[in-house]
Every structure is written in C-alpha cells, then in structure tokens.
Amino acid sequence: MAADIARSDYAKPTLIRSRSREWLIACRWGPEGEFLSIATAGPITEPLALVAPQAIAPIHSLVGVLVSESETQSTSTFLLVRQLPGAIELAGTFFPADGYVLLQDHGDIHLVCKARYSHSCGWLDGKEIRKDIPDPAPYSAEAMSWHIEATRRDWIGEFIPGTRPPERLAIRATG
C-alpha cells in the first residue's frame, strides 16, 4: 500500500511533527480474518507510485484484532494491540500500539490508522524486540503517534489464498 504517514507527539497526537510517504504491507489473516498486520516497508521514492517495488519487506509491524465489520459499508475495524495474541509469528519487528485501523473496500482498498505507541528496545536471541511501556517519559524518542492513510497498489508479492471466498480476497495482503 502507498501510505502518507504523519508523526506526532505521544501526549499531543494532533501536533504533527513530521510527514513521510512509505510503503506498507497489510495482511489480513486468521481463520475468520480476525487479525491484521501492517508493516512499514521503506520510503516511496517515485512521486506517482502506482506499483509497489518487488523487493519490499516488513520492517516494523503493528497488529490489530477485528472488532467490527459492516458488509453494507464494506468496512472492517481493528483495534491495535500492545502484546501479540498467542504464539503469533510476525515478520518485521513488532510495535506494541494503542489505536485503531479502519479498512475500507469500495472498489479500491483504503486504510486509515490512528495509533500511538511507547516501547523499550532490546534484543532477544539475536532479534530486535520492543516491549510496551504504558506510561512513557515526556518526549521519549520511543513514544509517538502515527496518523496513516494508505491506498492499495499492485505488488508482485501480493498473496491471495485460493481457498477464500471472493469477498475476502480484496483485503488480504497488499503492498
């Protein structure tokens, strides 16, 4: 997905400090499509960005759990989580977060995400990990808010399982 991302202070989410355009990899999964992962995958370097680069890969990943769906409005809402549910294996470094994701399919998949997170960084078994901090210190570098708006783009790495019904195909994995 091609995303416009605005970053702001954790304590003042409306105060935008920086903006960027980045590639995201969004993947909806689980037996009932109850999980959503959204991973940053690098900066967008071309102005129009109609097709995602072949070589993108997950860097930092947010995870959401389905809280509501509306077939009449073609929308799904997910709550972001501070800890991975169960024994989930996740590509990229997990970012614990508070917030929500609204996924809309009106002929073109659109994603809106409002999140804030605070974490400590460390290493476990040679892999970077981030642990949730519920009450961050003021102006902590590891605490911020994200405002994300993204639209699906074609990507060679897109995964659409052949066993899903057609109405689920549109919102599985997009680059």
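Trainee: What should I know about the model before reading the labels?

Mentor: It is predicted: local features need pLDDT of at least 70, side-chain atom pairs count only at pLDDT 80 or more, and totals for chains, interfaces and linings use all residues. Residues are numbered from 1 along each chain as its sequence is written, and side-chain values use heavy atoms, with hydrogens and water left out.

Trainee: Where is confidence lowest, and where is it highest?

Mentor: pLDDT is the predictor's confidence in each residue, from 0 to 100. Helix H1 (residues 166–169) is lowest, at a mean of 40, and E5 is highest, at 96. Helices (H or I, at least four residues) and strands (E, at least two) are DSSP runs, numbered from the N terminus. Over residues 160–172 the pLDDT is below 50. The protein averages 82.

Trainee: What makes Arg28 and Glu69 a salt bridge?

Mentor: The term requires a side-chain nitrogen of Lys or Arg within 4 Å of a carboxyl oxygen of Asp or Glu. In this pair the closest N and O atoms are 2.7 Å apart, so the pair meets the definition. Arg28 lies in strand E2 and Glu69 in strand E4, so the bridge ties together parts 41 residues apart in sequence. By this rule the count comes to five salt bridges.

Trainee: Why is Arg28 called buried?

Mentor: Buried means under 20% relative accessible area, exposed over 50%, and partly exposed in between (1.4 Å probe, protein chains only). Arg28 has 1% relative accessibility, so Arg28 counts as buried.

Trainee: Why does Leu50 count as exposed?

Mentor: Leu50 has 58% relative accessibility, so the label is exposed. Leu50 sits in the loop between strand E3 (35–43) and strand E4 (60–70). With Leu48 and Val51, Leu50 makes a nonpolar surface patch of about 330 Å². Patch residues have over 30% relative accessible area and no salt bridge; like charges are joined within 9 Å, nonpolar side chains (Val, Leu, Ile, Met, Phe, Trp, Tyr) within 5 Å. Accessible areas come from the Shrake-Rupley method with a 1.4 Å probe; for residues, only the protein chains shown count as cover.

Trainee: What makes a set of residues a nonpolar core?

Mentor: Its members are buried Ala, Val, Leu, Ile, Met, Phe, Trp, Tyr and Cys residues joined through side-chain atoms within 4.5 Å. The largest has 22 residues, of which Leu24, Val101, Leu111, Cys113 and Ile148 touch the most other members. E8 gives the largest share, five residues.

Note on methods: Contact means heavy atoms within 4.5 Å.
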